[in-house]
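The following exercises ask you to work through charged side-chain pairs and their surroundings.

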Amino acid sequence: MRLFVGVEIPADIADDLYPLARGIRGLDAQTPENMHITLKFIGNVDPGLAKEIDTALSDLPFEPFDLRVQGLGIFASARKLRIFWAGVADQPALHALASRVEKALLRLEECPDMDMRKFTPHITLARNRNAARATVEQAVADHLDLSSRAFTVDRFCLYESHSTTDGPEFRVVAAYDGMGN
């Protein structure tokens with residue numbers, strides 16, 4: 001099982017973001033139903049460890065908080081553009097939740113594929129196949145003022161990722177509600 005922990009994006013916001021990537025030739029746009037904010041990529045695990053992960057995450061209550069999509073960006077090296085993404089407005093509660101998720105998973109000591117990069121909140125809009133870097137950078141510049149309505153994050157999810165011929169598909173395996181829900 002290939003797992004990660006994330007926050008869902010409301011359908012109307014995902015639907016608004018989809019055309020931004022879909023309109024750029026050479027990008028493989030993420031479908032709206034697959035859009036999310038990854039809190040922690042776990043990687044490949046066996047079903048027994050998946051049950052332990054579920055138990056560890058179910059013990060992480062948090063206070064719901066509001067979040068907004070804000071701006072666009074790219075992840076790239078000097079040579080290659082990799083990911084076109086939408087950012088989120090700075091929200092300390094999101095960073096705190098990501099940190100708590102990571103600490104809970106590290107206590108399991110059995111997730112060898114877990115991504116240990118610094119948390120950079122974003123919503124992947126597309127992966128680059130062969131888009132012109134200048135075109136994508138222009139899209140970022142054209143949408144500096146991009147902002148969504150505020151939405152409440154009142155749960156986070158454990159997702160399973162499946163590779164398909166049409167790209168990855170993500171399925172919620174378990175959801176964890178914030179306090180007060």
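**Exercises on salt bridges**

Asp 12 has a relative accessible area of 37% and is therefore partly exposed, a class lying between buried (under 20% relative accessible area) and exposed (over 50%), computed with a 1.4 Å probe on protein chains only. This is a predicted model, in which local features need pLDDT of at least 70 and side-chain atom pairs count only at pLDDT 80 or more, while totals for chains, interfaces and linings use all residues. Residues are numbered from 1 along each chain as its sequence is written, and side-chain values use heavy atoms, with hydrogens and water left out.

**Exercise 1.** Find the residue with which Asp 12 forms a salt bridge, and state which parts of the chain the pair ties together.

*Solution.* A salt bridge needs a side-chain nitrogen of Lys or Arg within 4 Å of a carboxyl oxygen of Asp or Glu. Asp 12 meets this with Arg 149, their closest N and O atoms being 2.8 Å apart. Asp 12 lies in helix H1 (residues 11-22) and Arg 149 in the loop between helix H4 (133-142) and strand E8 (151-153), so the pair ties together parts that are 137 residues apart in sequence. Arg 149, at 42% relative accessibility, is partly exposed.

**Exercise 2.** Determine whether Arg 171 and Glu 160 are buried, partly exposed or exposed.

*Solution.* The two residues form a salt bridge, with closest N and O atoms 2.6 Å apart. Arg 171 has a relative accessible area of 44% and is partly exposed, whereas Glu 160, at 9%, is buried.

Key: Helix = DSSP H or I, 4+ residues; strand = E, 2+ residues; numbered from the N terminus.
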